[in-house]
Amino acid sequence: MLLVAVACVLVVAPLVVHDIARKPSRGLGLYLLALVAVPYWIGASIGGRFLPVAVIAGVGCLVMLRRSGERRLAFPDLVVMAMVAVLLLLWLLGLSLGEHVVAAVTVILVPFLLGRRLGSPEYRASVTETLAVAGTCVAALGLIEFLLDFHPFQGLTLGTGPDRIWSPIQYRAGFPRSELGFGHSIAYGNFVAICVPFAVMSRRNGFVRAGMIAVMMAGICVSFSRNAILAGGIALVLAIVLERRASGVSFGRVMVLGVVGLLAAVTLPVYFDAIGSRGELASSSAYRSGYLTVLGDIRAFGLAADIYTHDSLGRFAWLAAGYPGGKIVTLDSTPLLWALQFGWIVLGLFLLFLLWSGLALVRRPSAATIALVSQTITIATVAPITQYPYLYWLIAGIAVSWACNHRLHRPPQPDDDATARPPMTRTGR
């Protein structure tokens, strides 16, 4: 049996590599499948450090994809390169912990480079469609998980990762929060929210897009995550407003607005009343008010070692005299977390990248820049947890490529991902 398995791998692997090299959208689909279908806590231990499948799949897809399209370095490329260089320098100088640096570099660099490769103009239509379909499918699965209260990934573990931290299902107002294999409902909800503008920009007809968006928004709601709901709503509004067509405001766009607006008007008041009646929203926000007490301990370069510690479970934490309990274990803010781990310089570079994304949205809007900007509220209020940052930086790479090769928002070609075909000629009739 082992020989048969090895033979199958040897036969299938070259075919997969060849297929992904010819059809990059399938490489994107494979990467998204790895993010969705493989729980975060399943991966491999390399050099004593745990790496989730998201990293391994990203490197594999990056190697298999052929080079094409835009190769010039743009300003955001330089910012990301500077961030990675500073992080590695901090590690070499012993000013930041290796586990923190490895986590940040793999989260940023691998998906960003993959996004830059996939963001080539000839792949634009297929990338848009792939992300739109992926978001719809993930949302539909989340709805099924919620309606059946069935969580297939909860008990799936190979004993290689932090399953005891991420596998338990969270509840809000007595309702189970859908999370699929993401390990957290916030990661699941924002995965779907990122895909919303790609559904709006899809080349499918208005009825299909309305259905996709309705499924996505409903899927986000069963995450019971406020930042995901806000990010999805912002992405939807920006995508509809910034979409430009030669025919102006189409019936499809009006229909999308009407369907989603009606859905929101009917469901959201009841939804927020249900989850807010038990006071859980207030309690889930109160702890963030104490974060400001650690700002004075951030260093310009490196770890805020004076307040770095661990809790009773071995998780890293931050001492804070003005925080309840005197110790911050759950620090839900990516900019603040990276500032404490790496210093003001890394934070400044990250904020510079966020500033570029805002300017790109104004000057060269696309589905990718809309998705990126709409996630700012999540980035500010959530740590880089589970698979979420891998998708965020993948979209960041795509947004940079599309901004460098700015065209109309809606991909105009019927099949940008197809291999080159000779032009058709008339045969005499």
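Author: Let's start with accessibility: buried means under 20% relative accessible area, exposed over 50%, and partly exposed in between (1.4 Å probe, protein chains only). This is a predicted model, in which local features need pLDDT of at least 70 and side-chain atom pairs count only at pLDDT 80 or more, while totals for chains, interfaces and linings use all residues. Residues are numbered from 1 along each chain as its sequence is written, and side-chain values use heavy atoms, with hydrogens and water left out.

Reader: How many salt bridges are there by this kind of rule?

Author: A salt bridge here is a side-chain nitrogen of Lys or Arg within 4 Å of a carboxyl oxygen of Asp or Glu. The count comes to 3 salt bridges.

Reader: Is Asp306 buried or exposed?

Author: Asp306 is exposed, at a relative accessible area of 60%. Its salt-bridge partner is Arg299, at 3.3 Å from N to O, and Arg299 is partly exposed at 35%.

Reader: Which residue forms a salt bridge with Arg116?

Author: That is Asp77, with 2.8 Å between the closest N and O atoms. Helices are DSSP runs (H or I, at least four residues), numbered from the N terminus. Arg116 sits in helix α5 (residues 98–118) and Asp77 in helix α4 (residues 75–92), so the pair links distant parts of the chain, 39 residues apart. Both Arg116 and Asp77 are buried.

Reader: And what does Glu129 pair with?

Author: Glu129 forms a salt bridge with Arg204, the closest N and O atoms lying 3.1 Å apart. Glu129 belongs to helix α6 (residues 124–148) and Arg204 to the loop between α8 (185–200) and α9 (206–221), so the pair ties together parts 75 residues apart in sequence. Glu129 counts as buried at 9% relative accessibility, whereas Arg204 counts as partly exposed at 36%.

Key. Helix = DSSP H or I, 4+ residues; strand = E, 2+ residues; numbered from the N terminus.
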